[in-house]
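Please read them with the structure open.

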Amino acid sequence: MAPLLYLGSLVVLFLLWIKVKGLDYVIVHQRWIFVCLFLLPLSVIFDVYYYARAWLIFKMCSAPKLHDQRVRDIQRQVRDWRKQGSKTYMCTGRPGWLTVSLRVGKYKKTHKNIMINMMDILEVDTKRQVVRVEPLANMGQVTALLNSIGWTLPVLPELDDLTVGGLVMGTGIESSSHIYGLFQHICVAYELVLADGSLVRCTEEENSDLFHAVPWSCGTLGFLVAAEIKIVPAKPWVKLHYEPVRGLENICKRFTEASANKRNTFVEGLQYSLDSAVIMTGTMTDHAEPDKINKIGLHFKPWFFKHVEGYLKRDCTGVEYIPLRHYYHRHTRSIFWELQSPLGFWMLCFPKDFVFVDSAGKSRQNQGLMII
């Protein structure tokens, strides 16, 4: 009884403290309370539900039937909008808390919200080497399924919650490939509901003008309801080489050489200052050396960019074997480096005459990289 009274007293004091300080103050200045007591438990429950639901629907093969019903419902909503006079713009009715962006979509309050509840993997065709998915299927969901049956996407953005629809219709440049290109370049077909309510399929050969216009169109051409994406055979491990590099010219040169080598399945560079970086190259492999395995995705492991920084501080090269899915989502836990002060930097190629301002406020001419 005593422990319960003690716990109850703590709860009462906590609520009184919130009342005195104000809920806004607690959320802003003591956010760890909100995160630990509410956000993290709710996130775990949501993820468990989401993945269990996706697994059951795929195993029961009910996704294609549900998909056809959902498409007809979207067509009905669009036609109703037309019957009402098309007085406002249309947009997806997806709530802001489900998106990766912190932006508040105020336009959703004034636009016609079209509800698009499409988050399933519809079909994996290993003969054609394509996977057909709905627009709200995310990268974590796709890799969990494909990797379990020995397949993967040739270009796979790192964050679990990035959706196929966002990567196609938005600027899907989270991750690109020196072999395959951007995410849109591995898409072979799109299915859209247009503003007149019609359903259209487009490929390189069929409605090719629409096919090439869809990427980065931000939903201005229609509502994406399905996409077919290339898949390639997967192996369970990534053999990753870490190489610290000093000097901006050396960094540019080494990164270019690594990208030109098509035997490298993965190439990544993390830059920690103007003249220091770590270049990583990786290949998929069936076997791993037991003493070099690093399951970087486990909750107690350091954030990936901090782990990589260790090679720079020690000024040594290294080789590790990382489980494929752990490697794909290596930046998920830290959202790259956004959960901490921006100590890590990412390489983006720009023209050499591009001028940018560094963190000290000084203008610098680009030497082949942009440091952000």
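1. Which residue stands opposite R132 in β4? It is E123. This is a predicted model, in which local features need pLDDT of at least 70 and side-chain atom pairs count only at pLDDT 80 or more, while totals for chains, interfaces and linings use all residues. Residues are numbered from 1 along each chain as its sequence is written, and side-chain values use heavy atoms, with hydrogens and water left out.

2. Strand β3 (residues 121-125) pairs with β4 in the antiparallel sense over four bridges, where pairing requires that DSSP finds at least two bridges between two strands. The two form a hairpin with four residues between them, and Q129 in the turn has a positive phi of about 55 degrees. Strands here are DSSP runs (E, at least two residues) and helices likewise (H or I, at least four), numbered from the N terminus.

3. From β4 (residues 130-133), V130 and R132 point one way and V131 and V133 the other, yet all are buried, that is, under 20% relative accessible area with a 1.4 Å probe, protein chains only. Strand β8 (residues 223-230) runs antiparallel to β4 and is joined to it by four bridges, with A227 as the bridge partner of V133.

4. Helix α9 (residues 304-314) is mostly covered, eight of its 11 residues being buried, among them F304, H307 and Y311. What covers these buried residues includes β10, β11, β12 and β13. Just after α9, D315 takes a positive phi of about 55 degrees.

5. UniProt, in an unreviewed entry, places a "transmembrane region" at residues 32-52; such annotations may be inferred rather than shown by experiment. Over residues 32-52 the model is 100% helix and 0% strand, with the end C-alpha atoms 28 Å apart.

Note on methods: Buried < 20%, exposed > 50% of the residue type's maximum accessible area, 1.4 Å probe, protein only. Contact = heavy atoms within 4.5 Å.
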